[in-house]
Amino acid sequence: MVLQSALKNCLQLSCILQAPKAGFRNTASGGLIMQSTSNDVYQNLAVEDWIHDHMNLENQQVLFLWRNSPAVVIGRHQNPWQECNLRLLRQKNIKLARRRSGGGTVYHDLGNINLTFFTTRKKHERMENLKLVVKALKALRPQLDVHVTDRYDILLDRQYKISGTAAKLGRTAAYHHCTLLCNTDKFVLSSVLKSPYKGLKSNATPSVPASVKNLFEEDSSLTSELVLDAIAEEYATQHQIDCHINLINPADETVLPGINNKAKELQTWEWVYGKTPKFNVSTHFDIAYKDSVLDVKVDMDVKHGRIEVCNIDLPEQWLPPALCSELVKNLTGSKFCPNETTALVTTLLRVCPQDGDLQSRWNLLCENIKMLM
Amino acid sequence: MAALSAVRSSGRAARRLVCTHRVRSCSSIRFIKSKYVCVFDKSALKFSHQQRLFRTSAASHGQIVQFKLSDIGEGITEVTVKEWYIKEGDSVSQFDSICEVQSDKASVTITSRYDGIIRKLHYSLDEIAYVGKPLVDIEIDASKAVAAAEDVVEAPPMSHEEHTHQEIKGHKTLATPAVRRLAMENNIKLSEIVGTGKDNRILKEDILNYLAKQTGAILPPSPKAEIIPPLPKSESVPAPAKDKARKIPVPVSRPIVFSGKDKTEPITGFHKAMVKTMNAALKIPHFGYCDEVDLTQLVQLREELKPVAQIRGVKLSFMPFFIKAASLGLLQYPILNASLDENCQNVTYKASHNIGVAMDTEQGLIVPNVKNVQVCSVFEIASELNRLQSLGSAGQLGTSDLTGGTFTLSNVGTIGGTYTKPVILPPEVAIGALGKIQVLPRFNGRGEVFKARIMNVSWSADHRIIDGATMARFSNLWKSYLENPASMLLDLK
């Protein structure tokens with residue numbers, strides 16, 4: 001480990017709440033550097049929320065450093081079906097999280113570091129923060145060609161995006177967080193961030209895809225740990241504080257009261273999927289059954305992640321109309337989720353006529369509908 | 001923040017208002033205004049104020065103030081409205097979140113500067129809102145103030161912080177006017193209270209908790225319970241004895257009322273399908289048959305086999321034994337593994353024993369089944385159960401796992417219970433529910449009392465095609481395999 005153990009300790013945040021300067025040899029600028037000991041994306045996002053809600057940032061600003069095990073993080077008002085390959089995520093057990101700040105979708109793994117700059121709302125300065133990062137990188141490797149664009153991206157070699165930014169402004173506090181690609185699995189990144197879902201119509205914030213490159217590819221000595229330390233050093237210099245990285249355990253309720261509830265909320269279906277702005281799925285698929293191929297049209301309105309309106313257009317008599325309308329009736333109001341749909345259709349099957357052929361058709365139709373989710 | 005608006009969205013705000021007039025002097029430079037404080041707070045439905053409700057409802061005119069979208073900073077002039085946390089007719093307090101707007105990559109929470117009622121939303125979702133233009137109209141009481149109608153385009157957010165903080169006795173504490181009034185009436189110093197709201201704001205709950213601690217009383221949940229006035233107005237430390245010595249209840253000044261509210265949700269998705277299934281099950285004439293099984297020998301056998309299974313990577317519970325014994329029983333009594341058609345014209349004897357195992361998951365009661373138990377060994381059943389259980393707890397059971405069941409066992413005993421009355425899952429004709437294993441005294445063959453491991457089983461069957469005798473004999477056979485596990489060896493295929 002690059003980090004010197006002598007400089008790290010566990011933080012008593014209660015000190016910070018009551019007496020901001022207690023325990024720290026700060027000067028007037030005031031700053032605090034914290035690093036998470038957890039790689040759980042929900043816990044780390046919960047820490048951001050906690051700091052935003054509870055810490056007094058008047059006298060000191062905070063830099064929070066964190067890394068996550070594989071996860072896809074979408075922006076506050078985005079549509080996960082539009083942004084990523086949910087089937088692949090489920091298959092590979094990659095977590096999906098929705099953050100509270102705006103902006104686009106990112107893929108996180110341990111090679112992608114996250115930096116959050118907390119300030120009062122008045123002192124919120126995204127450009128300055130990004131310039132700090134660039135300065136830190138250049139101090140580490142002067143020959144690196146990195147610069148900040150007006151879209152608040154950091155580009156490597158003038159063409160590859162290595163950092164994306166998002167921000168959240170509250171009443172008195174604000175934060176700006178950004179990623180930094182050190183050594184991420186680009187193959188997984190590009191495959192999970194490609195949505196296979198067709199026919200989606202939505203007002204959700206779209207992501208702007210970009211070619212990416214790892215710092216590691218430019219200079220193989222640039223590890224995540226090295227870069228993290230360099231940024232912490234630069235922050236410490238600019239805030240005129242000691243470069244003292246405080247480790248924080250996001251599961252510790254004594255230091256962060258209420259944190260576990262925040263983490264739990266971020267994992268609920270209602271937050272991750274339910275907060276998707278209203279959208280419409282209008283598509284069709286082919287079903288091959290016993291020497292014939294039929295075209296099925298599906299039109300669904302999804303609000304709060306639940307199917308508000310559902311229309312399935314089947315060739316006549318392929319399924320008894322009563323059965324089809326039963327399916328539509330039950331899908332309405334149900335979550336737009338393959339697992340929920342599986343439970344629903346298998347339960348409904350119990351009260352269907354016990355005809356093998358009929359049941360195969362039913363299962364085939366339902367499998368295809370689930371593919372849309 | 002969103003939770004607050006959900007609570008308020010009943011639309012019955014007008015009936016519940018507890019209104020009070022108050023002149024408030026701000027330490028800020030701006031203005032002195034009197035505020036129309038509308039506290040939509042069920043816990044504040046106080047008897048003494050009921051009279052006021054009638055009075056003020058006649059005088060509910062306030063002034064409509066246009067709350068303009070303040071400067072976001074960074075030279076931004078327009079944003080998109082992404083989510084409303086309130087709707088027209090809702091009450092808001094100062095600092096409550098009104099909406100979420102987005103500008104490029106920044107998501108901004110807009111909070112209210114006033115206490116009042118939302119009268120108009122100027123934008124719908126996904127519309128562009130302009131800085132400096134009205135965002136919402138809020139009705140506040142302005143019988144005295146002219147200043148409220150002043151141009152409220154904000155200078156940099158700094159001024160928010162200045163005039164929104166109240167200085168009380170040298171401490172900066174955040175609390176809405178209603179909360180301050182409650183504190184004042186109870187002679188509580190706000191500085192003594194720890195706020196649990198956002199930014200350490202003091203909430204009504206904090207005051208009530210503080211009062212509860214003071215009297216040492218647990219506040220009664222309903223108005224019918226004995227009313228304990230939280231704090232006598234003139235004293236600060238009442239001893240319990242004093243309460244008794246006091247005169248007959250003071251004007252029920254502040255009985256704390258249970259603030260819960262009925263919540264109605266639609267039944268959707270999987271639960272809706274279950275309703276349909278259970279209604280169909282109701283049409284089946286059920287009869288029940290119960291018995292107790294002595295599992296003393298099985299318990300011992302499992303202890304011996306558990307490590308063997310562990311080595312092979314499988315967790316061995318009692319269920320694989322129960323399932324296998326059931327399958328052996330079904331070989332002798334195949335009518336229990338059958339299905340009746342819709343018109344009760346034909347019985348179909350199913351060849352495969354696909355034994356369903358009821359699982360309690362987050363989604364609800366899910367019943368995946370182990371296929372073809374008749375050709376599986378106990379170990380294979382255990383292994384399959386492990387797979388189904390892990391998929392079940394992740395909510396990821398597939399269609400084939402959940403369909404095709406012919407007979408079901410429900411081990412509710414892992415949660416608790418002895419005898420139950422299980423409901424048959426159509427299109428099956430029988431189901432068994434297993435209670436918990438208890439250690440009970442029983443007599444053995446020599447007339448001695450010994451410690452027996454007893455489990456109760458409750459069967460239900462479709463009386464249209466199954467009779468009591470069949471069920472009883474099946475149960476006896478199943479029971480004999482489990483009470484004497486060695487006998488299973490004789491009949492295993």
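Predicted model: local features only at pLDDT ≥ 70, side-chain atom pairs only at ≥ 80, totals over all residues.
Residues are numbered from 1 along each chain as its sequence is written, chains are lettered from A in the order in which they are written, and side-chain values use heavy atoms, leaving out hydrogens and water.

**View 1. An open sheet in chain B.** Four strands line up antiparallel in the order E3-E10-E8-E5 (strands are DSSP runs of at least two residues, helices H or I runs of at least four, numbered from the N terminus; two strands pair if DSSP finds at least two bridges between them). Strands E3 (63-68) and E5 (91-92) are the edges, each pairing on one side only.

View 2. Met300(A) sits in strand E16 (residues 292-303) of chain A. Because its relative accessibility is 0%, Met300(A) counts as buried (under 20% relative accessible area, 1.4 Å probe, protein chains only). Its contacts (heavy atoms within 4.5 Å) include Phe279(A), Ile307(A) and Phe336(A), not counting residues up to four places away in sequence.

**View 3. Where chain A meets chain B.** Here Glu326(A) and Lys276(B) form a salt bridge at 3.6 Å, N to O (a Lys or Arg side-chain nitrogen within 4 Å of an Asp or Glu carboxyl oxygen). Helix H12(A) gives the most to the side of chain A that touches chain B, with nine residues.

**View 4. Strands pairing between chains.** E11(A) runs parallel to strand E7 (residues 106-111) of chain B, joined by three bridges. Leu169(A) has Val108(B) as its bridge partner.

Technical notes:
Buried < 20%, exposed > 50% of the residue type's maximum accessible area, 1.4 Å probe, protein only.
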